[in-house]
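Dear colleague,

I am passing this structure on to you. Please look through the sequence and the model before reading the notes that follow.

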Amino acid sequence: MIMRAELLMFNAAFLILLYLFIKFKEYKSSLAMMYIFWLGTFYIQNIYYYYFNGQTYRIFSDKTLLIFINISTLVFINITILLILKKIKWFKQIKTKINFKETKLLSMYFNIITFIVVAYMLRYINKFPLITLVESSSNIRLDISGGVPHYFTISTFAYYILPSFYFLSGKKRYLAIYFLFGVLSLHKGILVYTILFIWINCFEYRINKEIIVSGILIVVFYLVAKNKLVFDIETMKYLFESSIRRFFITQGSGFIVRLDMLENGFDFVGKNIKRVVYDKIYGGVGGAPTYFLGNLIVSYGYIKGLLIHSSILSLMYFVSSVIDYNYKKNNGVKWIFFSIIFILGNTEITFNNLPRLIAILFNFLIIFILNVDAKLLRSKS
């Protein structure tokens, strides 16, 4: 059983963080999306599900759940401290400015990446999951099966690079190609979070027809991806239960299962963590990613893992303070930061994900250099 003292500390830490999140209007910051991952990973699992005997993915002990609650409390305290430090401007607000203007060099860069993604889709169109689902009712995960060559590389361009072009230039073709790639790939997660990003940063939480239509389309897309297009009571029940479970339960449960396997002496050395965790939960071949702290603890232990996590969060709050100070209305810069947030919050830190992080940062560097270079050329002429 979970001790009342631990539960009291957990709730107190969360409520204090929630109060400061609202008071400091952090929901308007460049870190707003990260709070969604924190909420889903560290709070929903504890109180609204497993504490009240939720059974989905419940293959761990009460002892492990208690360890997870204590970790969650420490994470909430850590975030609270960093939020206060950000508010009192302990993180130095470095003044910097990129006055973005789509020059010929930048347009050339944008068009080259776009051409690569479009050519790739046309080349392998018949192998994408949406097409195979329509033709044979089989849903193949490209990140697991390797059914389409070089998918990981091209999807990095499509999912993380193309949207930055749209948010920086305003040209809708980049976003359209991104969504087309995601739909063909049946990648539900990235599309849902993209719509959330647009709702938060472009529409500033306003409900309008665009958001409503996007929500309806995502629901239809989810049912298509799950091959459940018969609209009846059972489908609606499945939609509600499956979407809630996927959004709030799956990621956090993967974290707890990691801890449980660690506590029971499982040897993760030399193994793909998300693969062995998936096999533990479901049986078979697949991937069960989670918030990046889970892998840090598995790889380095509790103390080192939490310290590395705290260091990374400190860096994130520093970057967030710089973005909020200089680029509050620049959704292009915010998207690049969100791309890193998405990887950390939803797909974990692994050696395989390192190229994606490098590509995101390199994309920002290219945009910055081409923009600055264009200004220097104009000033010299």
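Which residue follows H13, and what is its phi? H13 is followed by Gly301, with a positive phi near 90 degrees. This is a predicted model, in which local features need pLDDT of at least 70 and side-chain atom pairs count only at pLDDT 80 or more, while totals for chains, interfaces and linings use all residues. Residues are numbered from 1 along each chain as its sequence is written, and side-chain values use heavy atoms, with hydrogens and water left out.

Helix H13 covers residues 293-300 and is mostly covered, with 6 of its 8 residues buried (under 20% relative accessible area, 1.4 Å probe, protein chains only). The buried residues of H13 are Leu293, Gly294, Asn295, Leu296, Ile297 and Val298. Helices here are DSSP runs of H or I with at least four residues, numbered from the N terminus.

Ser321 is part of helix H14, residues 302-326. Ser321 is buried, at 2% relative accessible area. A polar atom of the Ser321 side chain lies 2.5 Å from the backbone oxygen of Phe318.

Helices H9 (residues 188-201) and H10 (residues 209-225) pack at about 175 degrees, and their axes are 11 Å apart. Axes are lines fitted to C-alpha atoms over the stretch in contact, and angles run from 0 to 180 degrees between N-to-C directions. H9 and H10 are therefore roughly antiparallel (an angle over 145 degrees). On the H9 side, the contact (heavy atoms within 4.5 Å) includes Leu191 and Trp199; on the H10 side, Ile218 and Phe221 are among the residues involved.

Regards

Technical notes
Helices (H or I, at least four residues) and strands (E, at least two) are DSSP runs, numbered from the N terminus. Angles under 35 degrees count as roughly parallel, over 145 as roughly antiparallel, 65 to 115 as roughly perpendicular and the rest as oblique. Buried means under 20% relative accessible area, exposed over 50%, partly exposed in between (1.4 Å probe, protein chains only). A polar contact is a pair of N or O atoms within 3.5 Å; within protein, one must be able to donate a hydrogen and the other to accept it, and residues adjacent in sequence count only if both atoms are side-chain atoms.
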